[in-house]
Amino acid sequence: MIRKPANPRGAAVDILRSILVEKRTLDGALALNRDFLRLERRDRAFARQLVATTLRRLGQIDDAIQGFVARPLPKKADQVVAILRIGACQSLFLGTPPHAAVSTALELMETDRLRPFKGLANAVLRRIATDGPNILAEQDEERLNTPAWLSQAWTAAYGEDVCRRIARAHMVEPPLDLTVRAADAEKWAAELGATILPTGSLRLANDGPVSELPGYADGAWWVQDAAAALPVRLLGPVAGMHVVDLCAAPGGKTAQLVAAGARVTAVDRSEGRLRLVRENLDRLGMDAELVVADGTRWQCDEPVDAILIDAPCSATGTIRRNPDIPWIRGPKIVEKTVKTQRSLLERAVRVLRPGGRIVYCTCSLLPDEGRDVVADALSRGIARPGPMPDVPELEPFIVHDADIGAHLRTFPWMTEDAGGMDGFFAAVLAKA
């Protein structure tokens, strides 16, 4: 039997449905879709772009579709909805010629189950292709593309203007950020055609497989968002110190600590994720002690000098890179993660030596998972504010707070002229 060639649009439809109906992550859905994996590299890139752009603009796309559908489609028609979304995305945001956006969508409906909806899809997609510019001109893109649970939380915390700036930043495909050993930054910036950011990270266009870039096989650098590289620097000089990286996977911060001369113990509850840390460290020519353990219960034979807690969270600061997050997560996950975050901080204080320091951080834009966790620890006498190191490059991101002291806060719109950065919270704490 001859297998039918994989279709990038068909793969995109299946992946989008898997994310929005089955609540899979974008990366997970891509990894599990056989048609996607069978595609040539160029078609894989196109399919991923289709899905990612649809997720970034999902609110606008659904608003446009609903304008031409008299009544909601039945739940069993979720495949039809995915086809409409992918078709509309091409017309509205990818510049696909109208006839191509419509015809390629209709080709995906040549099955007994989908054929009854073909006339509806044809009419809706033709109207969207024709009226697209007028539709977009009347939409409030920041509001539509941000689910209410996030919009309400961000507006309450930061005000509407910042909420809208966050939303705008999420609509743009982010560049690729790399961390290199400090002495090699200029060399690899020239080799890769990258820009050195004021924070020290290298930034280049996110184009093509990372593993084929110069320096990857040699372990010269590792992928790490510019904002994700900042919390480690709040620990100050760590050379010769025993530092624990709690919740260490995928290992970017572990690599930073090793490169800075620390003796590192990397702890993570997932054996599979720690295996990735080991693979990354091996590629980089680095070593650390890896421990499979629940960070909320982990014991250490001796008090440690410093601890980094990159706590599990809603990851709402990484929506630029993970546009599935707003649509597959909700307030309930925040309630769950906050309990874990508080437990991790309590455990870290117990194994820290007197005079040591903790950096608690999350890639979240929700105060519940950052500021509020630290405020709770301070109010209960578990910890006290720690000393902030003198790092001039971090000054633009330092916030002074009367309740929890100075801490680091980045937003996706920061450095947007250079491509933005993830949203991170980080605070320095010491034993009470």
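Thr195 has Arg203 as its bridge partner in β3, strands here being DSSP runs of E with at least two residues, and helices runs of H or I with at least four, both numbered from the N terminus. The model is predicted, so local features need pLDDT of at least 70 and side-chain atom pairs count only at pLDDT 80 or more, while totals for chains, interfaces and linings use all residues. Residues are numbered from 1 along each chain as its sequence is written, and side-chain values use heavy atoms, without hydrogens and water.

β2 and β3 are antiparallel and share two bridges; strands count as paired if DSSP finds at least two bridges between them. They belong to an open sheet of four strands, ordered β2-β3-β1-β4, with antiparallel pairing. β2 (195-196) and β4 are the edge strands with a single partner each, so one side of each has no neighbour in the sheet. Helix α12 (residues 185-192) packs on the sheet and touches β1, β2, β3 and β4. The direction of α12 makes about 5 degrees with that of β3, where axes are lines fitted to C-alpha atoms, for helices over the stretch in contact, and angles run from 0 to 180 degrees between N-to-C directions.

Strand β1 (residues 176-180) is joined by three bridges to β3 (residues 202-204) and by three to β4 (residues 221-223). Asp177 stands opposite Arg203 in β3, and Val180 has Trp221 as its bridge partner in β4. Five of the five residues of β1 are buried, that is, under 20% relative accessible area, with exposed over 50% and partly exposed in between (1.4 Å probe, protein chains only). Leu176, Leu178 and Val180 lie on one side of β1, Asp177 and Thr179 on the other.

The next topic is the nonpolar cores. A nonpolar core is a set of buried Ala, Val, Leu, Ile, Met, Phe, Trp, Tyr and Cys residues joined through side-chain atoms within 4.5 Å. The largest has 85 residues, of which Ile307, Ile309, Ile358, Tyr360 and Leu408 touch the most other members. Helix α16 (residues 331-351) gives the largest share of this core, seven residues. Apart from it lies another core, of 44 residues, including Val51 and Ile328.

Helix α16 also holds Arg347. Arg347 is buried but has no salt bridge, defined as a side-chain nitrogen of Lys or Arg within 4 Å of a carboxyl oxygen of Asp or Glu. The nearest side chain of opposite charge, Glu346, is 8.0 Å away; Lys and Arg count as positive and Asp and Glu as negative, with His and the chain ends not counted. Leaving aside neighbours within four places in sequence, Arg347 is in contact (heavy atoms within 4.5 Å) with Gly295, Thr296, Arg297, Trp298 and Gln299.
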